[in-house]
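This note is meant for a colleague who is opening the model for the first time. Please keep the sequence and the structure in view while reading.

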Amino acid sequence: MSLTAAFYIVLSAIITNNYVLSKFLGICPFLGVSKKLDNAMGMSVAVIIVMVIATAVTWPIQTYLLDKKGIGYMQTIVFILVIAALVQMIEIFLKKYIPSLHKALGIYLPLITTNCAVLGVCVLNIDNEYNFLQSILNAFGSGVGFTLAMFLFAGVRSKIETNDYPEAFKGIASTLVAASITSLCFLGFSGMLEKIFGM
Amino acid sequence: MADKHTNLIVSSAPHVCNPADTATIMRDVVIALIPALAVAIYVFGFRALLMTAVCAAACVFFEWAVRKIMGRENTIGDWSAVVTGVILAFNLPVNMPIWMAVIGCFIAIVVVKQIFGGLGQNFANPAIVGRIALFIGFATPMTTWAVTEKMSQAIINNAGVDAVTGATPLAMLNAGAAELPSNLEMFLGTINGSMGEISACALLIGGIYLVVRKVISPAIPVSFIATVAVLAAVMGYDPIFQVCAGGVMLGAIFMATDYVTSPITTKGRIIFGIGCGIFTMLIRAFASYPEGVSFAILLMNILTPHIDSITRSKLNGVPKKGGAEK
Amino acid sequence: MSSGKHLKGVHVDHQKNTAGMPIIPMPVPERVYIPMSMHIGAPCQPVVAKGDHVKVGQLIGDCDKPVSAPIHSSVSGDVEAIEQFMTQNGRVDTNIVIKTDGKQEIAETVVPPVIESREDFLKAVRASGVVGLGGATFPTSIKYNTKPGQVDTLILNGAECEPFITVDHAAMLAYAKDMVDGMRTIMKWLDIKRGVIGIESNKPDAIAKFNEVLAGDKDIEVLTLRQVYPQGAERVIIYECTGRHLIAGKLPADVGCIVSNVSSVLKLQQYLTTGMPLVSKFLTLDGNVVAKPQNVEVPIGTMICDVIEQCGGLKGEVKKIILGGPMMGRAIPRDDFAVMKGNSAILCFDETFATQRKETACINCGRCVAGCPMNLMPARLSRAFKDKDIDALREFNVMSCMDCGCCAYSCPARKQLNFEIKQAKSLVMEDDKKKKAKAEAAAAKAAAKAEAEKAKEGGSK
Amino acid sequence: MKKNKLQILTNGIIKENPVLVLVLGTCPTLAISTQAINGIGMGACVIVVLTCSNIIISALKRIIPDTVRIPCYITVIATFVTIVQLVLKAYAPSLDKALGVYIPLIVVNCIILGRAEAFANKNSVIDSALDGIGMGLGYTLTATVMACIRELLGSGTLFGAPVTANLFSPFTILIMAPGGFFVFGCLIALVNRITKGKVKDKRANKCIGCPGAEFCSDVNKEGGCDNK
């Protein structure tokens with residue numbers, strides 16, 4: 001795999017196929033944890049870590065275990081259990097060895113188990129028939145894409161948090177409209193990577 | 001003892017204020033847009049005036065109607081809806097169906113502005129979002145450009161078989177057209193494109209008026225246009241062509257300078273302008289759309305809170321530390 | 001020695017209608033009402049009683065607290081009453097009501113003080129009753145009582161940046177020599193090497209006058225200030241004259257400066273040469289309903305309505321009276337208040353001027369940021385105040401606001417920014433107090449605990 | 001307060017609509033609501049998985065140890081998701097393709113885990129089944145309504161049949177990502193307007209439905225958390 005192809009996978013997961021803003025994965029934390037920039041970034045870092053590790057674990061399981069044995073249909077069950085276990089293990093590991101990081105990310109980790117972006121990236125890697133390296137790159141890019149969306153949206157929310165909304169649009173409704181406008185600007189980049197990387 | 005006066009009006013200082021208020025500022029922006037409108041009418045004919053009037057009226061109507069429905073104070077007196085309407089109209093092709101333009105006005109005023117609480121509380125420029133939504137939602141009518149006999153010969157030669165519609169200079173450049181309008185034609189505006197963005201000259205006159213009237217600071221337009229020019233030169237394009245083409249002038253002078261959605265400090269504004277320039281050129285050069293000004297400005301609008309937080313003004317006399325009394 | 005850099009500010013229409021008018025003494029009113037608290041600090045106690053006969057310049061109120069200034073009678077006559085009523089500050093205060101006899105006899109105590117040392121000088125400053133006459137009313141004796149060697153620059157504040165007011169200008173033209181002499185005396189006794197007279201460029205005649213009086217004095221220079229409001233604010237004039245920043249919570253002496261208003265120095269000098277303490281004030285009387293705008297010398301304690309009446313009255317219906325300039329002055333609800341030491345102007349306006357501005361939404365235009373001399377972000381502070389977000393208020397340095405009003409002046413949305421910031425400051429101060437009380441309570445508890453343990457230990461031994 | 005059977009069934013349709021009121025399961029709703037048929041298909045899958053898993057979890061509620069209940073729920077749910085997936089692949093391959101990755105993602109759809117935690121493990125098997133059907137119908141209704149709006153305005157068709165497509169050009173942005181967020185926001189605003197003040201109480205209870213609740217340290221005084 002050439003370097004450009006690697007860049008293409010990462011950048012496309014960040015910009016043109018942004019998980020949150022164009023694939024609608026990980027909307028819950030996107031809407032939930034983006035109120036403060038610090039929290040948003042904590043969550044994002046945790047997501048990047050879990051995404052990469054989960055991909056590194058689930059890809060071999062699918063390729064060398066499930067497919068070999070012909071039980072590819074067990075994918076969903078196996079993946080979700082693996083991710084759940086993984087998140088637990090990461091948490092225990094952090095608690096024991098890097099307590100400062102655990103303190104920073106601790107509250108976000110459990111929420112990640114049910115973050116559909118993590119399971120989504122694992123499943124999509126298999127669906128897209130990526131090889132191991134491509135899968136890892138895609139997972140990393142997706143995590144960074146999630147981070148970018150969180151970063152942008154945290155800024156927007158900090159600005160509009162105390163707005164004087166119409167009664168019906170208070171709370172989540174106006175947040176969704178804001179997300180709509182935010183996702184609009186990502187459409188401007190469509191076709192850009194294909195042209196840059198000549199794909 | 002002399003006569004006493006009681007029940008005098010008590011209010012907090014200062015008891016005088018600058019004559020400029022929101023309405024006069026917005027009115028100045030409308031005045032600054034007139035030269036560009038004149039060029040549009042000259043080049044495209046009466047329909048340019050009709051479109052502009054319809055958009056302005058639609059925006060004012062939506063502003064009034066929504067405030068009424070929400071049971072809030074009427075704010076059409078601040079002229080901001082007129083500004084949005086005119087700028088949105090300037091971003092549309094002259095032959096755009098009227099009902100589509102009205103949808104754009106609805107998005108700009110209702111969705112982008114009033115849902116977030118009205119003037120001052122929107123995080124994205126209403127006209128820009130209106131334009132982008134129309135651009136993506138109605139791709140064909142939004143990219144069908146009228147050709148009139150007032151235009152540069154290069155455009156007329158390049159027009160399609162029907163000789164009524166043609167490509168914008170940017171699209172011609174993208175497609176590798178043999179003959180492009182000259183830089184003078186680009187500057188004066190005898191080209192096709194969105195109604196209000198064709199004449200760099202007229203927009204510049206408006207911009208100078210705004211700067212002289214102290215309505216806008218030159219920080220954003222200058223940094224935006226300079227970045228486009230420099231990047232164009234670096235990328236091997238003609239800087240003057242790139243600056244005059246498409247919406248750079250309109251965007252830099254009238255849309256990126258929207259107070260509400262741009263940073264508050266001069267430093268922040270310069271960063272904002274440079275960012276707009278970079279993304280404009282990136283999209284122009286690489287993305288599937290020939291024009292990137294509005295996407296670039298929207299992206300920078302979204303980044304504005306972050307720019308504001310890194311460029312907040314430092315307290316006098318407290319060297320190199322933001323919060324003095326933390 | 002201007003650093004070439006300037007603090008931000010706003011351009012305000014000057015409207016100095018009374019410019020060039022000399023200061024005319026006002027006839028003595030029938031009665032004066034002298035409040036006992038005309039300065040920052042502890043209020044004075046009356047030292048005369050009802051029925052006493054007093055003369056001009058006689059001490060009638062004093063206080064043993066250091067931060068205070070004595071009060072002298074501005075007229076000769078009989079003390080008619082000593083009563084509590086509301087003064088222009090909105091506070092209820094002890095007032096000495098003196099019925100004048102019109103003779104204006106000068107008290108026997110009015111003799112020039114003998115000064116032989118720094119201590120004598122400071123005593124004399126206090127005895128003169130002079131406070132910051134620009135409006136701050138901080139007792140001058142406290143301001144001058146700096147550590148020896150701490151201060152290297154004396155700044156004479158002749159900026160007069162507020163619209164309408166021209167008394168300082170008139171005083172500078174009339175008494176430039178006395179002011180310069182006063183500066184020299186202060187510099188001599190306080191051992192200050194350098195003197196600067198800061199005057200806004202719209203008063204070229206005053207600048208010329210000072211240059212003429214100084215006649216090449218090497219220690220004192222006249223500095224022409226830009227015509228930008230608020231050049232006369234303490235922190236701004238210090239920066240413009242010395243390039244030093246005075247941050248919130250510090251005194252001018254901390255950055256080696258003393259700033260005195262031109263009229264403070266003049267009144268001090270007059271006391272030092274004649275022994276007559278501060279008993280009268282120069283005022284500008286102006287505004288669009290004032291029949292004869294003019295500069296007057298008014299005995300302290302004169303009712304504002306008497307001043308207006310005596311000086312030609314009004315030519316229309318008054319709706320708003322401002323004490324001080326329109327940028328920082330205070331609008332008063334009625335005009336039967338006494339003139340106090342800190343007043344510099346009485347401005348009367350009709351309806352057109354008094355209409356309340358309608359507030360609209362902030363459009364983030366940045367004019368308040370561009371106009372703030374302290375480099376604050378008033379719009380952000382206003383938002384934090386609306387949210388009652390005390391942490392954000394602190395983070396954006398709310399306490400550094402000096403109330404100059406530039407933000408509200410320039411706001412196109414007509415938001416009363418500095419009023420909000422003023423309230424925000426008290427919010428933060430309250431919070432500080434609460435926190436301090438909490439910390440003190442915790443410390444006291446800890447101390448008590450330590451004590452108890454100590455006692456226990458001691459007991460067990 | 002015991003609810004009767006009908007109330008349990010209808011509860012999820014409007015009053016406690018899982019998507020619009022409890023704001024659960026947003027991701028698949030947004031993603032698949034570009035075509036009305038997808039809304040119904042996704043809704044059907046959710047009804048099946050939700051009802052079945054509610055029944056099983058309710059039946060096993062005494063057996064499942066409290067400490068490992070979440071992994072157990074996930075396993076049960078994942079099993080049914082796999083079954084649905086296989087059925088779809090076999091009998092409705094086009095729908096399977098349209099819904100794509102969002103079928104396996106039903107596993108982490110918070111509605112299902114949320115109902116398991118909030119309802120099934122406290123109530124009888126029949127009630128749980130009714131709750132599952134009700135909530136599933138609520139989900140289906142929302143997803144379909146949203147998909148109809150987006151399909152009609154965004155591509156001028158309804159269930160694939162042209163309606164206004166030939167009359168005027170459709171506003172294609174509505175079937176793209178921004179349109180999804182926007183229509184969803186408007187529907188929530190609409191429900192807010194209909195239910196008015198009552199909505200707040202429901203939101204406060206969201207923690208019950210939130211799978212992260214037991215780990216969550218963001219719980220505020222009102223019993224809700226900021227993660228809404």
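The points below concern a helix of chain B and a sheet of chain C.

1. The model is predicted: local features need pLDDT of at least 70, side-chain atom pairs count only at pLDDT 80 or more, and totals for chains, interfaces and linings use all residues. Residues are numbered from 1 along each chain as its sequence is written, and chains are lettered from A and ligands numbered from 1 in the order in which they are written.

2. Helix H10 of chain B comprises 13 residues, 200-212 (helices, H or I, have at least four residues and strands, E, at least two; both are DSSP runs, numbered from the N terminus). B:Lys214, with a positive phi near 60°, follows H10(B).

3. Buried in H10(B) are B:Ala200, B:Ala202, B:Leu203, B:Gly206, B:Gly207 and B:Leu210 (buried: 20 or more other C-beta atoms within 10 Å of the residue's own, with C-beta atoms placed from the backbone). Because they cover an arc of only 165° around the axis, they are on the same side of H10(B) (the arc is that of the directions from the helix axis to the C-beta atoms).

4. In chain C, six strands form an open sheet with mixed pairing, in the order E1-E14-E13-E17-E15-E16 (strands pair if DSSP finds at least two bridges between them). Its edge strands are E1 (23-25) and E16 (330-332) of chain C, each pairing on one side only.

5. Within chain C, strands E13 (280-286) and E17 (345-349) pair in the parallel sense over three bridges. C:Leu285 has C:Ile346 of E17(C) as its bridge partner.

Notes. Expected span 1.5 Å × (residues − 1). Buried ≥ 20, exposed ≤ 12 C-beta atoms within 10 Å, placed from the backbone.
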